[in-house]
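Subject: Structure handover

Hello,

Here is the structure you will be working with. Please open it first and keep it in view while you read the notes below.

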Amino acid sequence: MADEVVGLVDVMPTLLDLLGLAPGTRHGRSHSFGTEAPPSDRGIYSEAMLPLLNHGWSSLHALRRADDRFIRAPEPEYYDLTRDPAETKNLAGDLPAEGRAAREELDRLMRGWGDVEAVAKEEMPLDPELAQRLAALGYGRVARAGGAGEREDPKRMLRLYAKSKSAKARLDAGDAEAALEEIKIVLRGDPENADAWITAARANLRLQRWDESEQCARRAVSLSDTAYPHHLLGQLLLRARRFDEGRAELRLALDRDPGYGGAWISIGESHAMERRWDEARRSFERAREVDPSGSGAAADRAIERLDALLRGR
């Protein structure tokens with residue numbers, strides 16, 4: 001069999017073909033035995049949205065063909081893989097005809113999908129504990145506002161990206177002081193990085209530096225009007241017993257993500273702290289209703305604790 005360019009988009013058509021079923025999609029193609037070879041200039045689309053969603057930098061979009069790759073970025077890249085398989089020489093500055101063809105095919109594909117970045121930034125229901133674990137691993141949804149032309153090219157930010165990952169790893173390992181020192185380096189180089197401000201808020205929280213943590217969380221909210229920063233700030237305000245302010249932030253989180261059951265649990269806990277038992281129960285039940293898989297068990301435990309407390313009065 002000749003070498004072919006393949007992608008994950010081909011997995012489903014291949015499996016369906018092996019099962020004797022219709023492909024069911026116009027994207028991808030079957031690679032089962034006996035199928036016709038694809039055209040030699042077939043291109044596979046790929047993207048990297050993490051720089052946008054996690055740091056507010058530019059997303060990356062690429063078309064990979066058998067002999068070349070074109071990458072759409074603030075500084076475009078084009079590589080001749082026949083002569084330069086390690087992709088060491090960027091030819092985008094003087095784009096040859098093959099590169100122009102790859103760029104045009106990528107543009108055509110993306111025009112058919114609409115605004116890819118807008119779709120990627122849509123909020124999806126996510127359990128807050130899982131959101132925090134994902135954030136620690138470098139996955140989040142805290143993209144700052146701004147047009148694509150205003151965003152940083154990720155390849156220029158690799159040093160800060162490595163520092164950000166290291167800071168999260170140190171925080172996850174329990175070394176909040178070291179995490180804070182590293183994330184300060186990121187913020188000096190990229191002061192509008194909402195994800196870095198969240199890491200700083202979490203590190204200060206671990207160190208019980210309440211005022212500093214709140215300031216960092218507020219900065220994150222100012223840069224990223226998404227659910228998680230509002231939830232983090234709301235929890236900090238509730239810890240300070242500023243209940244009305246905290247619940248207001250949590251409701252902002254729910255406005256961005258109506259399925260955010262953890263925000264309802266935090267609201268319920270704040271009502272319980274004020275001995276408003278009925279409101280607490282309703283909030284826990286609401287968490288179970290909107291997010292049964294992610295927050296249902298936590299809501300049940302909260303209701304059990306509430307019932308035990310009321311029985312012991």
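Helix 11 and helix 12 are roughly antiparallel to each other, because angles over 145 degrees count as roughly antiparallel, under 35 as roughly parallel, 65 to 115 as roughly perpendicular and the rest as oblique. The axes of helix 11 (residues 243-256) and helix 12 (residues 261-273) cross at roughly 165° and come within 9 Å. Axes here are lines fitted to C-alpha atoms, for helices over the stretch in contact, and angles run from 0 to 180 degrees between N-to-C directions. This crossing of helix 11 and helix 12 is left-handed, meaning that the near helix is turned anticlockwise from the far one by less than a right angle (clockwise would be right-handed). From helix 11, Phe 243, Arg 247, Leu 250, Arg 251 and Leu 254 meet residues of helix 12 that include Trp 264, Ile 267 and His 271; contact means heavy atoms within 4.5 Å. The residues of this contact divide into seven nonpolar, three polar and two charged. In this scheme Ala, Val, Leu, Ile, Met, Phe, Trp, Tyr, Cys and Pro count as nonpolar, Asp, Glu, Lys and Arg as charged, and the others, Gly among them, as polar.

Some background on the source. This is a predicted model, in which local features need pLDDT of at least 70 and side-chain atom pairs count only at pLDDT 80 or more, while totals for chains, interfaces and linings use all residues. Residues are numbered from 1 along each chain as its sequence is written, and side-chain values use heavy atoms, with hydrogens and water left out.

The chain has 14 helices and four strands; these are DSSP runs numbered from the N terminus (helices H or I, at least four residues; strands E, at least two). Of its 313 residues, 44% count as buried, that is, under 20% relative accessible area, with exposed over 50% and partly exposed in between (1.4 Å probe, protein chains only).

Helix 7 passes helix 8 in a left-handed crossing. The residues of their contact divide into nine nonpolar, two polar and one charged. Helix 8 (residues 194-206) also comes within 11 Å of helix 10, axis to axis, at a crossing of roughly 25°, so helix 8 and helix 10 are roughly parallel. Ile 198, Ala 201, Arg 202 and Leu 205 of helix 8 touch Tyr 228, Pro 229, Leu 232 and Leu 236 of helix 10.

Which residues touch the most other members of the largest nonpolar core? They are Ile 183, Tyr 260 and Phe 284, in a core of 47 residues. A nonpolar core is a set of buried Ala, Val, Leu, Ile, Met, Phe, Trp, Tyr and Cys residues joined through side-chain atoms within 4.5 Å.

Last, some single residues. Most residues other than glycine have a negative phi. Glu 87, not a glycine, has a positive phi of about 55°; it sits in the loop between strand 4 (77-80) and helix 3 (97-111). Arg 241 also has a positive phi, near 60°, and lies in the loop between helix 10 (227-239) and helix 11. Glu 304 belongs to helix 14 (residues 292-311) and counts as exposed at 55% relative accessibility.

Regards
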